[in-house]
Amino acid sequence: MLTLNTLRTRFGIVLSIVIVLALLAFILSLGPEMGLFGNDQNPTVAEVDGDEISLAEFSQEYNDVKNAYYFRNGQDSSDEMAVAQMAAEAWSNIQFDKFICPEMQEAGIVVTDEEATAMLSGEVNSLVYAQLFGTPYTANINQFLTALNSGAVPQEQLAVATAAWNYIKGQAAQFRYMQKYAGLLKAGSYVTNLEVEQSVAASANVADGRYVPVKLSTIAPDAVEVKESEVEAYYESHKENYRKEPSRELSYVVFEVLPTEADEAAVAQKAQDVAQALKDAADEKAVQAVMASNGGITAPAYRPASAFTDAEAVLFEGEVYGPELQDKHWVVSKALKTINAPEKLGFSLYILGGDAVAHAEAIAADAKAGEDFASLAEKYQLAEEMHNYLTVEDTTFDQVAAYSMDAAFAAKLAEAKAGDVLVNKTFQFTQVVKVDKVEGKPVKHILTGVVRLEVAPSVQTVSAISAEASAFAAAAKGGVEAFQKASEESAKAPRVYTIAESDYVMPMLEHSRELVRWAQGAEVGEVSKVLEAGEHYVVAVVTSANEALYEPLAGNVKAMILSQLQNEKRVEMLKGEYAGLTIEQAAEKAGVEAVAFEGASWGDTTVGQLYGDVAVVGAVTTAEAGNTTKVVYAPYNNVAVVYVVDAVKAAEEPKTAEAEKLRLQTTLDEGIMRSGVGQAIQSAVNGIETSNTTSRHF
C-alpha cells in the first residue's frame with residue numbers, strides 16, 4: 001500500500017479527500033465523549049492567572065489538537081495515553097494563549113501576519129511545517145490547499161479539515177514566538193571577557209596528580225549538627241524546587257478477568273472443531289462458510305512457499321494448518337485459492353485520483369496501442385496533484401500488495417505477459433498498470449484464510465468476577481476503614497497511587513481513564529462503584545486530598561534537605577581534618593589507596609575514576625603543583641576528594657581567546673535552546689495561579 005508520506009507529498013487531492021472524510025467521522029464522535037451534546041451546562045474547568053476556562057472552551061482546544069493529531073499521523077487514536085498527551089497539549093496551548101503570549105507581546109515580541117505568510121512561502125523556515133510536509137514544504141502545502149479549495153469537498157467536511165489546518169498554522173506561530181523569545185534570552189546572555197580570560201588560562205595547561213576519595217559517611221550523622229532553622233531557610237530559598245499540583249491519594253483493588261482452565265480447554269476444543277470442519281469442507285464455498293462462521297479473515301496477498309514456515313508447508317498440499325497456539329490465540333488456516341505467478345516482475349504504474357480517474361481507460365488504450373506510457377499524463381494534461389507515476393523495476397509477486405493491489409487484481413496480474421496493460425479500480429483511486437517484464441518460471445502461490453480464536457474468559461467467568469467485584473464494592477461502602485476491612489476479608493491487597501490534578505491516566509494501570517475521571521471528582525472517603533479497566537474491574541476509595549501547591553517541609557523533602565546540608569558540613573569538617581597533609585598521609589588516614597590521574601584538562605568530564613563532577617575537574621586543572629593536599633566536594637559521586645597536583649604541563653594545543661569565546665557562547669546558546677526557554681517559561685507560569693480540573697469531565 002502506498003505510504004502516507006508518498007500520498008501526502010505526491011498525491012495531494014486523494015489524500016485530502018480521505019483526510020476530510022475521516023476527520024468528519026471522528027469529530028462527530030467527540031460530542032458524546034466531551035459531554036457537549038444534550039447538555040447545556042458549561043462549567044469552569046480550569047483557570048490561568050484569573051482567566052476562567054470553560055468546558056466548552058477547553059473541549060474546542062482539545063478537538064483542535066485531535067484534528068492536528070490525525071493530520072500528523074494519518075489516523076485517529078482512542079488510546080488513553082494518546083488522549084492524555086492530547087489533553088496535556090491542549091492545556092499547554094491554553095496557558096500559552098492566555099498568559100505566555102500576552103506576556104511576550106507586552107515585552108515587544110510579536111509574530112506579524114507578514115511573518116506568518118513568509119513562513120508559508122518558505123521565506124522564513126518553519127520547523128512545524130517542515131515536520132508535517134517535508135523539506136522543502138512549500139509545494140506540498142500548496143497541493144494540500146489546492147485540494148481543500150477545489151470545491152470537491154463537502155462544506156461540512158471542509159470545515160473540519162480547515163479547522164485542522166488553522167490549528168497547524170497556530171502551532172507554527174507559537175513556535176515562532178518561542179524562537180523569538182529564545183533569541184531575546186540569547187541576546188541577554190553573553191560571555192564576558194573575564195570568563196574568556198579565565199577559560200583560556202585554565203585550558204592552557206594540563207595537570208598530573210593524585211587524589212583520595214573520602215566517603216562522607218566516615219563522619220557519623222550525629223556528629224553533624226544541622227539546625228531546624230537552617231533546614232527551613234534552605235527550603236524557603238529553594239521553594240520552587242518543591243512546587244507541585246494539588247493531588248489525591250487513591251487505594252484500589254483490581255479484579256482481573258482471566259480465563260479459567262475450563263475456558264482454555266473450551267477454546268482449544270473449538271479450535272479442533274474448526275480444523276476438522278475445514279478438513280471436511282468439500283470445496284472453496286464450504287471453506288469460506290467455515291471461515292465466515294468463525295470470524296476468519298482472508299490474507300491480503302498471494303504468497304509463495306518461501307513466505308511460510310516449514311510447519312505451514314502443508315497448506316500447499318491442500319491440508320489444514322493448526323490448531324497452533326500463538327500469542328494467546330489458537331490459529332487454524334487453509335488455502336482458499338491457488339495460482340501460478342512469476343518469480344519476479346517489473347511494472348509501471350499510474351495512480352489516478354479526482355478528475356484524472358475519467359482518463360484511466362483512455363490511458364490504458366493508448367498504452368496498449370504502443371504509446372509511451374510515461375508521457376501519457378502530459379498528453380491528457382493531468383494536474384500534478386491528481387496523479388502519481390512510479391516504476392517498479394524488480395519485485396517479487398507477493399509484494400504487489402504493497403502497491404494497493406488486492407488479491408483479486410493480483411490474480412489477473414499473475415496471468416499477464418510483458419507489455420500487457422491492466423486497470424485496477426479501488427475505492428480511493430484507479431490504477432493503470434503496464435507490465436514491463438516477467439521473469440522466472442511460474443511459482444505456486446496461495447491465498448490463505450485464517451481463523452484466530454482468542455483464549456479469553458467465558459461469559460460465565462466474566463459474570464462470576466463481576467459479581468465478586470460487586471460484592472466487594474457493597475462491603476467496602478462506608479469509607480476508608482470499610483474498604484480496608486473488605487480488602488482483608490476478600491484477601492485482595494489494595495494498590496496505592498497518588499493522582500495529580502491534571503492527570504488523565506495512571507501509567508501503572510492499563511485502561512485507567514474511567515477510574516481517574518471518577519477519582520478526580522470524588523470526596524475523601526468516597527468508594528467507587530465497580531469500574532471497568534479494560535478487561536478487568538476496579539473498586540477504589542479516595543484516602544486523602546492535598547490541595548497545597550508545594551511539597552510540605554516533611555517526610556522525604558525534609559530528609560533530602562537535611563542530608564544535603566549534612567553533607568556540605570561534612571565536607572567542611574573533612575577540609576579541616578585533611579588540611580596540611582601529604583597525599584600519602586591522606587590515603588593512610590582514609591584507609592584507601594591514592595588514585596593517579598594524568599593529563600587532566602579544562603573541559604574534561606572525568607578525572608581518574610571520577611566521572612561527572614565538574615567541581616573536581618575545575619579544582620585540579622586550576623591548582624598549582626605542590627605537596628600540600630586540598631579538598632573539594634564531588635556531589636555526583638557523593639565523596640570528598642582530597643587531591644594534590646604533582647605537575648602542570650603546557651597543553652599541546654592551547655586555545656585562543658576567539659575560539660574559546662565562540663565555544664563558551666555556543667554552549668550557552670545551546671543550553672538556552674535546550675532547556676533555558678522551557679525553564680524560564682515554567683518559572684513564569686509557576687508565579688501565577690493556575691488550576692486544571694479537566695480530567696474530571698472527559
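Phe-96 is buried, and Tyr-177 is buried as well (buried means under 20% relative accessible area, exposed over 50% and partly exposed in between, with a 1.4 Å probe and protein chains only). This is a predicted model, where local features need pLDDT of at least 70 and side-chain atom pairs count only at pLDDT 80 or more, while totals for chains, interfaces and linings use all residues. Residues are numbered from 1 along each chain as its sequence is written, and side-chain values use heavy atoms, with hydrogens and water left out.

Now for the rings. The structure holds 16 aromatic pairs; rings of Phe, Tyr and Trp (its six-membered ring) pair if their centres lie within 6.5 Å, and planes under 30 degrees apart count as stacked, over 60 as edge-to-face and the rest as tilted. One of these pairs joins Phe-96 to Tyr-177 edge-to-face, with 5.9 Å between centres and 65 degrees between planes. Because Phe-96 sits in helix H5 (residues 80–106) and Tyr-177 in helix H9 (residues 155–187), this pair ties together parts that are 81 residues apart in sequence. Helices (H or I, at least four residues) and strands (E, at least two) are DSSP runs, numbered from the N terminus. Elsewhere, Tyr-129, Phe-133, Tyr-137, Phe-144 and Trp-165 are linked into a cluster by ring pairs.

Next comes the core. A nonpolar core is a set of buried Ala, Val, Leu, Ile, Met, Phe, Trp, Tyr and Cys residues joined through side-chain atoms within 4.5 Å. The largest one has 37 residues, and Phe-58 and Tyr-62 have the most contacts inside it. At least two residues of this core come from each of strand E1 (44–48), helix H4 (55–73), H5, H9 and helix H23 (657–686). H5 gives the most, with 13 residues. Beyond its neighbours within four places in sequence, Phe-58 is in contact (heavy atoms within 4.5 Å) with residues including Val-45, Trp-91, Tyr-504 and Phe-698.

Then there is the sheet. Four strands make an open, antiparallel sheet in the order E10-E9-E12-E11; two strands pair if DSSP finds at least two bridges between them. Strand E10 (387–396) and strand E11 (421–425) stand at the edges with a single partner strand each, so one side of each is left without a neighbour in the sheet. E11 is joined to strand E12 (residues 430–439) by five bridges, and Leu-422 has Val-433 in E12 as its bridge partner.
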